[in-house]
Every structure is written in C-alpha cells, then in structure tokens.
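I set down what I looked up, entry by entry.

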Amino acid sequence: MTDRLTVERLSVRFGGLIAVRDVSLRVATGEIRGLIGPNGAGKTTLINAITGTVPIAGGRVLLDGLSVSGLPAHAISRRGIGRTFQHVEPFAELSVLDNVLVGVGRHSHVPLAHAAFATPLAHRREDQAAREALAVLERFDLLAYRHTVAAELPFSVLKRMDLARALAARPALLLMDEPTSGMSESEADRAIAAACALAEAEKITLLVIEHNMRVMMALAHTVTVMQNGGVIAEGKPFEIQRNRTVIDAYLGDEAIDAVG
Amino acid sequence: MMTLTLALQLAIAGISVGSIYALVALAIVIPFKSSGVLNFGQGEIVTLGAYIALILTQLALPYPVVVASVLLLGAAGGVVIERVLIRPIVKAPEFTLIIATFAIGLLIKGVISIRFGDSPNTIDGPFGTEPIMAAGLRFNPTSLWIFVCTALVTIGVMLFLRSTRLGKAMRAVSVNPEAARLMGIRVETVYRWSWAISTAIGALAGLLFAPLIGINPEIGQLILRGLLAAVIGGFTSIPGAIVGGLAVGLIETFSGVLIGSTFKNLVPFILLMVLLVFRPQGLFGAAEIKRV
Amino acid sequence: MQSRHRTIVVLLAVLLLAAAASTMGSYPVYLLSLAMINVIAAIGLNLLTGNSGQISLCHSSFIAIGAYGSTLLTARYGVPFWAAIPLGALLAALMGALLGAPASRLRGIYLALATLGFLQIVQIVIEEFANLTGGVRGLTVPKAAAGGVRMSEYARFLIVLGCCMLAIWTARNLLASRVGRELNAVRLSPYAAQALGVSVHRVKLAAFALSAAYAGVAGGLQAIVVGFIDPVEFGVSAALRQITFIVVGGMGSVGGSVIGAAVLSAMPEALRPVKEYSDVIYTLMLLGFLIFLPHGLVTVWHVIARRMRRHAPTAAAEARP
C-alpha cells in the first residue's frame, strides 16, 4: 500500500541559507507522526514546502504516490493536504463560523450565479455547509463563539478555530504546526482528543509539530526528529526519548518541556 | 525615412524631454526609498512649481531668484504636506497612503484651477529660443539647460546621499528604519527631509519644463511618464530613475515618428503594463520590494 | 424573523420612494436616478477594493465600457436598451477579467499603477477611435424607448430603481455566501486561504470581473439617463470620486456603498453655487475621512444601531406587567 505522504530528499533554500536539507520521510495512511526538534530545525519550513507555500530547491513530495511538488499551494490543498498555522492566520474580520465555513468550502461549492440570486440550490448547499461547520465547531467547544469576530478572541481559542477550520476541509493529510501552543493543559488535551477523534473517524493522517513533549509522546505512533534542516532520528516515542543524539540536540534549548 | 541626422535630432529631443521625466522619477523615488510612500501627487508638485515660476516671473524677478524660490517653496510645500497629511496616516494600510497622495495631488490641482483658471500660460526659457548649431545638429537652448540642470541635480543628490550626514542617514533609514532609529537617527526628520528634497526637485521640473510645454493645470499628467520611468529603473534605484526617465523620453520621441499618432500615446502605457507583469522591479530594482 | 421584517420594510420604503418620485418634477427624479447609478457603481468597486482588497484606479473605465458598449449596440444595431445594457455589462466584465488576469497578481503600488495604466489606455482608445466613440466631443445616446414610445424621466427612474435594488440584493447575497467569504479570505489571509484550497489568483480575478460588471450596468444606465456620454467623466478625478464613495460610506459592505454614494450624490446639487470648488471639496472630504474616519460612515450607523438595540429590551421589559 502506498504511503499517504512520501517526502523524497527534499531541500529548501532561502538565498544562501539551506533551511531544509535532503529530508526524506514516509508517513503511512492513518498514522500519527510527530515532528520534533529544537528551534530553527526547519520543521515549519518543511511543512511550508509540502504545502507549496515555499518553493522546493530539490527533491519531491508525493501524496498517495502521486507527485504534488511544484503545484500551486491551493492545488496542493485541493489534492487533500491541509495544515494549521503556528500563528493561526485567522480571517480576522470574519466570525469563527465564517472562518470554518471557508474550510468547508473546499468540498462544498455554490456557483457564483446561484449565490448572487439566492437560488434554492444555493440555499441547500449553504445550509448543508453551515450544518457541517457547526458540527465541527461543537467538537472543538467553539459553538459559543460561532458569531464572534476572530479578531476579538484570545490566542488559544483561535488555535482551536484553526484546527477546526483545517479539519472541516476534510483533508487526507493534515500537517499541524504546534497546535497546542498557548493552551492550558486541559485545553490542549481536549483539543488533541477532538482532533484525533475526527482524524480516526475520517481516516485523516496527521503530521504534528509539537514542543509539548507530554502531548507528543502520548499522541504519536512514530516520531521524526529534525535538527539544522536534516533528520537526525526517527522511531517510536520511547526510543526517541532515550536517543543520545536527540538528547544532545536539545541540550541547551529552552523550548523543551519535561522529557519523559 | 530615418537618416542619421534625424535620428540624432530625435535623440536630442528625447533626452531633453527625458530629463524632465528623470527629474520627476527622481522626485518619486527619493521619498519612496526612504519612507516607503509613493507620492502619486508628485505630478501636481510639478504643476505647482510651474505656477510659482509664473507668478515670480510676472513679478519680473531675475531668473536665478526664480529658481531659488521655486526650490525653496517646493521644499516648504513638501514639509507641509508631510507634516499635515502624511504623518497622521503613515502607519495606515498602503491603500490609504496611495489614495491620500492621489487626493493631495488633485487638491493642489483644484486649488490651482480655481486661482488661475484653465487658460494656458507660458514663460520664457532663460536662454531664449534661438537654436544653437553644433556638429550640424540643432540644439534648443532650453532643452540644453534642462539637461544640464538634471545632470547637476543627479550629481548633487548622489553626492548628498554619499557624503553628507543627512544623506547617509537617509540611506540607513531606507534599508532599515528600526535599526536606524536604534542607532540614534531621527527617522521622522529624515522622512521630512526626503519629502522636502523630492518636492523641491518636482517643483524645479515644473519650472524647467514650462518654456517647452506651457503652463496649465493639466501638466500633472506627466506623472504617468515619471512613474513609468521609475518602474523601468526600479523604484529603489536613483541611477535607475535617471536611466528610466531618459528611456521614456527617447521612446516617446521615436515612437512619435515611427508609429502613427493614433497609437503613439498608447506605447508608454502598454510598456508600463508589460513591465508590471513581467519585471516590476525594472532594470535596477531589488527583486522583492517590501515596504518596511 | 428579523430579516423577514427587514425585507418588508425595505420593500415598503422602495414603494414609497417610487410613489414619492412620481410626484416630483423631472429634475429631482433625474438626480435620484444618478444617485442610484452611483450606488450601483460603488457596490461594484467595494466588492473589489473593500472585500477582495484590491485597489483600483480604473473603476470609471468599466463604467465607460458599459456606457459606450450599450449605446453603440443600440445606436448601430438597434438593440433595445434592456438587452444592450446587460450586454454592455458583459463586455465590461470581460475587460475586467482581461485586466484582472495580470493585475490580480500585483499588490500595492504596482496594482495601483497597473489600474492607472489601464485607465489611460481606455481614455486614449476613447479619444482615438472617435468614429466609434465620438472622441473628446462625446457621444449622444439615442432616446430610450419602450414599445416604440419615448420614455419619460420617471420611467427611466423606475428602471434604474429596479436595477439598483437588484444590485443591492445580488451583492448582499454574494457577500453572505461562500463567494463573499472567499473574497474577504484572500484579503485577510492569503496563506490561510491557499491552505484551504482557495485559489487567491482566481478569486481576485473574479473580483475584477464582478466589479466591472456592476460598473458596466451603471454605465449603461447612465447613458440612457443622461442621454450623452462625456469622456471627461471617466478620467482620474472620476476614478477618485468612485473611491471617495466607498471610503466615506465604508469599505467592505453593501451598506457602506449605499451610504457613501447616496450622501455624496447629494453633494453636487448642494455644491452647485460653488461648482469650481467641487474637486477641492471632494478631495478634502476624502482626506478627512482617510485620516479621521477610515472605516466610513457605516460605522456611525452601526454605533447608532447598537445603541438602539440596547434601549429596545428595556422598552420590552417595561411593556410586560
């Protein structure tokens, strides 16, 4: 069976700086992969490269065996790769519901003419989309905020919104960039539980960047460790925790939470 | 039939007209480089300069006095604009700044129209209209004077930026205002000076061009040529602005002869669109132009 | 429930307006028509600039394309106005897409310059192809007729009123639907939009075409209401006036377009004794709003509405014994 995500010798360059160096990894369908590493390791850049936000200098990306590297970002998204953002990137002036509706819009289409003239078809599809969006909001305890404008909400709530929005699009593969940053322990646990439940129900493969080791170790089937743009280790969470190279990489890095 | 003499004659005309466009482009690029604001009202600064020259000439003041006054009043106008209209919105989204500078231009044009009406005026160039013959070519003294002034202004600006404290401060601010501020440079003062210099140059362009094209409220239209010149040169390059201006002048003069009059006016704008699509950074500009 | 009440109120207001207008002289009715034409154009520009976030200095060019297009169809090919105007709008939309294709990849000053360039190109084409457009001297529009009978000022007003209501209705529908969400999304966060499968380029291009369509309708209507097309109406001052409507009214909402266009359309009449000053007054107003009330009059409206809602529950509580 083809892997859901195959990254082959991927490199990303910014001018003279090599941010991602010859990275290869394979994530099986239904797997939850953790991606950890000290700050500046290139984790977010790797996600940016997979989603087409930054240009690839070498190597390629395959989704279910089909190449997606080189496609424009929105096309990659339409193939089934979704992501959440380290800094949320909210549609600040829109309500939480509208934010999530944009996600739903990836598979729910109302043609322009129908939308303009408020035809029965437009009503049907908009109602259906709203129902879907509200269901996702409920999973993430966001119903109370559905009409609140995103700009007025605290960071942790927006992180949940970002998660809900990305999952509402029903991706085949979801790349999550520090989904629990800014959240309290209980918030983080609930958000991750909701995301995993949805992922299992919809058969979504997850690749998660996390600095919260407690969450990471409990969540991930396999963990990939990056440093200085390259992969330095890969294995089961408990193996990684005892891995000499990994521990050395984190020594002196203040972002690490409790190990083990 | 394009003979060498005709071509050279056209080139001379193109360079002299191009010098004005170069000055306008310079006036656009200087505040853009330092403060990131593109003054869409620069065309009307040129118009203002022409009308100031008109008033002062009608007062029978000698030419050097007129030149100095145009420069000073132009600079003063820039300071007023920067302080009163630009400063309150300098942090606003780009849309606001673009529209505001446009509006300032139209405001100036409106005031000029009210005061002077639409009827055209003219002033004489400082060296008369008797063409100078050299090497079998005909040189218009006003055109020569424009070229000389443009060259002097360009050299002056480059020396200023390279050697004076304020000039170096301006260059520092254009690269990184935050770092400049940390180094003790008063960024607001730099902005004010860059506006003053640019409006002084713009006003001077109005004075210089007036004997060639007359004085009327519509002069400001030549901002379009100045903008095209800035695009060709790349918005952040001073030598680029000059090269761009001369290029536009030459293109305009030659296309007037080579293409029918119907389409010759379209050439600059088609060129503008092509450049914006394929090479917005022009010849010398940085590939990614970000407003800091 | 609320929105059904609102629809009835709006329909009643429209009927009242139509009834009131039938009693007015033809000049006030003419002015009302022009105001509503401005509303239609403003709605188009607001979708492009306020919602999809693209500055455009050439909106008046699409009004021109609609005006000349529909007039030429009627004058040369005998197409009746009710077909000519939509066709003119279609032509404008196509030109909008043509400009939008490259322009939607540009931002900031480069986009402003591209639209400015387009404006100039259209101006030059209007002037140079004088055998088609009448050049600088303008084009007389054949008198609009319905069923062979020449239309009265009031009949034209009703047509404009109908189109204006249609414009408001369609624009509100669009903004409440996925189209509106996508327009705003590409402005608010292009990265998030891309990540959710929205093609920023395609949405922005569509925004150009859409706004040009509204402008084209406004142009076609303007031609039959005024009876004459004057190219001076489509220059830089006119483009800035269009922008003033949406800045003063409020960017990003249909209400803002309506308020801005309605308020500022009343001005030329008020300013008639000081006509030469109109450019100056417009620009001062624009600058004033940009500096002091950048979100437009519609924010004032919202504040009032919110205050009224706060008082309403108390009244209801008092009504209960």
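**Entry 1: Burial.** I began with a definition: a residue is buried if 20 or more other C-beta atoms lie within 10 Å of its own, exposed if 12 or fewer, and partly exposed in between, with C-beta atoms placed from the backbone. By this rule, 49% of the 292 residues of chain B count as buried. I then looked up chain A, where 48% of the 260 residues count as buried.

**Entry 2: Basis of the model.** I noted that this is a predicted model, in which local features need pLDDT of at least 70, side-chain atom pairs count only at pLDDT 80 or more, and totals for chains, interfaces and linings use all residues. Residues are numbered from 1 along each chain as its sequence is written, while chains are lettered from A and ligands numbered from 1 in the order in which they are written.

**Entry 3: Confidence in chain A.** I looked up pLDDT, the predictor's confidence in each residue, from 0 to 100. Chain A averages 91, and 96% of its residues score at least 70.

**Entry 4: Secondary structure.** I took helices (H or I, at least four residues) and strands (E, at least two) as DSSP runs, numbered from the N terminus. For chain A I recorded 10 helices and 10 strands. Chain B has 12 helices and 2 strands. In chain B, the order from the N terminus is α-α-α-α-β-β-α-α-α-α-α-α-α-α.

**Entry 5: Overall dimensions.** I used the radius of gyration over C-alpha atoms, and a globule rule of 2.2 Å times the number of residues to the power 0.38. Why is chain B described as being as compact as a globular protein of its length? Its radius of gyration is 19 Å, close to the 19 Å that the rule gives for 292 residues, so the description applies. Along the principal axes, the C-alpha trace of chain A spans about 60 × 40 × 35 Å, and the C-alpha atoms of chain B fill a box of roughly 60 × 50 × 35 Å.

**Entry 6: Contacts within chains.** I counted two residues as in contact if their C-beta atoms, placed from the backbone, lie within 7 Å. Among contacts with a separation of 6 or more in chain A, 67% join residues 24 or more positions apart. The corresponding share in chain B is 76%.

**Entry 7: Domains of chain A.** Domain bounds come from an automatic or database domain assignment. For chain A this gives domain 1 (1–80 + 205–260) and domain 2 (81–170). Their C-alpha centres lie 27 Å apart. The contact takes 11 residues from domain 1 of chain A and 5 residues from domain 2 of chain A. On the domain 1 side, α1 (43–50) and α2 (73–79) of chain A each supply at least two residues, and α2(A) gives the most, with 4 residues.

Entry 8: I treated two strands as paired if DSSP finds at least two bridges between them. Strands β9 (residues 222–227) and β10 (residues 230–235) of chain A run antiparallel and are joined by 5 bridges. V223(A) stands opposite G235(A) in β10(A). The two strands form a hairpin with 2 residues between them, and N228(A) in the turn has a positive phi of about 50°.

Entry 9: No contact joins chain A and chain B, whose closest C-alpha atoms lie 12 Å apart.
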